[in-house]
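This briefing covers contacts, nonpolar cores and strand pairing. The structure comes first, then the notes.

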Amino acid sequence: MKRTNRLVRVLVGLAVAATALGGLAAPTASAATPRVTAGCYGSSCNGQDPVDMGCSPDAYTVESVASTLGTIELRYSSSCRANWARISGTSIGQNFWVQNTNGNIHGWIATGSTSFGNMVNGSVQARACIDNWDQPICTGWH
C-alpha cells in the first residue's frame, strides 16, 4: 500500500510539472506578431483612409452627436495624429464630413447604415458634421 501511495504521488507530481512546463514550451503566435506601424502622421494623413493607413486600431470617439439623421462621431487616432468622421444609424445617401481649422475638409455620402470618411490632420482642432440642408449638425471643435 505504501508503495502504491508513493507511486501515485510521484505520478501526480510529474503530471503537474509537465503541465506547468508545457505552457512555457513555445511562444504563442500573437507574441511573434509584429506591431503594425501607421502609414501616415498629421498632415500626411489628409485624404487618407484610416483603415488602409493603420490608424483605426488605436482610434477612439472624441465626441458623438445623435440626431434624427443618424449619429455623427469625430474619431481620433493618436498614432496617426488624425481625425475622421463616422456616421451610424443613417440612410444610404446621407452627406457627412470632417473638417479641421487648417481648412482641410473631406465629405462623404453614407453607403450603409454605418460609414466613415477619410482623415484630416489632427494636429489642430477638428469637427464632424451631418448635412441637414441649411443647418449642419456638428460635434464641437476638438
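Leaving aside neighbours within four places in sequence, isoleucine 87 is in contact (heavy atoms within 4.5 Å) with Thr71, Ile72, Gln94, Phe96, Ala110, Ser113, Thr114, Ser115 and Ile130. The model is predicted: local features need pLDDT of at least 70, side-chain atom pairs count only at pLDDT 80 or more, and totals for chains, interfaces and linings use all residues. Residues are numbered from 1 along each chain as its sequence is written, and side-chain values use heavy atoms, with hydrogens and water left out.

**Nonpolar cores**
- A nonpolar core is a set of buried Ala, Val, Leu, Ile, Met, Phe, Trp, Tyr and Cys residues joined through side-chain atoms within 4.5 Å; buried means under 20% relative accessible area with a 1.4 Å probe, protein chains only.
- The largest core has 13 residues, and Ile72, Leu74, Ala85, Ile87, Phe96, Val98 and Ala128 touch the most other members.
- At least two residues of this core come from each of strand 2 (70-77), strand 3 (82-88), strand 4 (95-100) and strand 8 (126-130); strands are DSSP runs (E, at least two residues), numbered from the N terminus.
- Strand 8 gives the largest share of this core, 3 residues.
- A second, separate core of 9 residues includes Ala59, Cys80, Trp84 and Met119.

**Strand 2 and its partners**
- Strand 1 (residues 60-67) pairs with strand 2 in the antiparallel sense over 7 bridges; pairing requires at least two DSSP bridges between two strands.
- A hairpin of 2 residues joins strand 1 to strand 2, and tyrosine 60 has tyrosine 76 as its bridge partner in strand 2.
- Strand 2 and strand 3 run antiparallel, joined by 7 bridges, with serine 77 opposite alanine 82.
- The hairpin of strand 2 and strand 3 has 4 residues between the strands, and arginine 81 takes a positive phi near 50° there.

Terms used
Buried means under 20% relative accessible area, exposed over 50%, partly exposed in between (1.4 Å probe, protein chains only).
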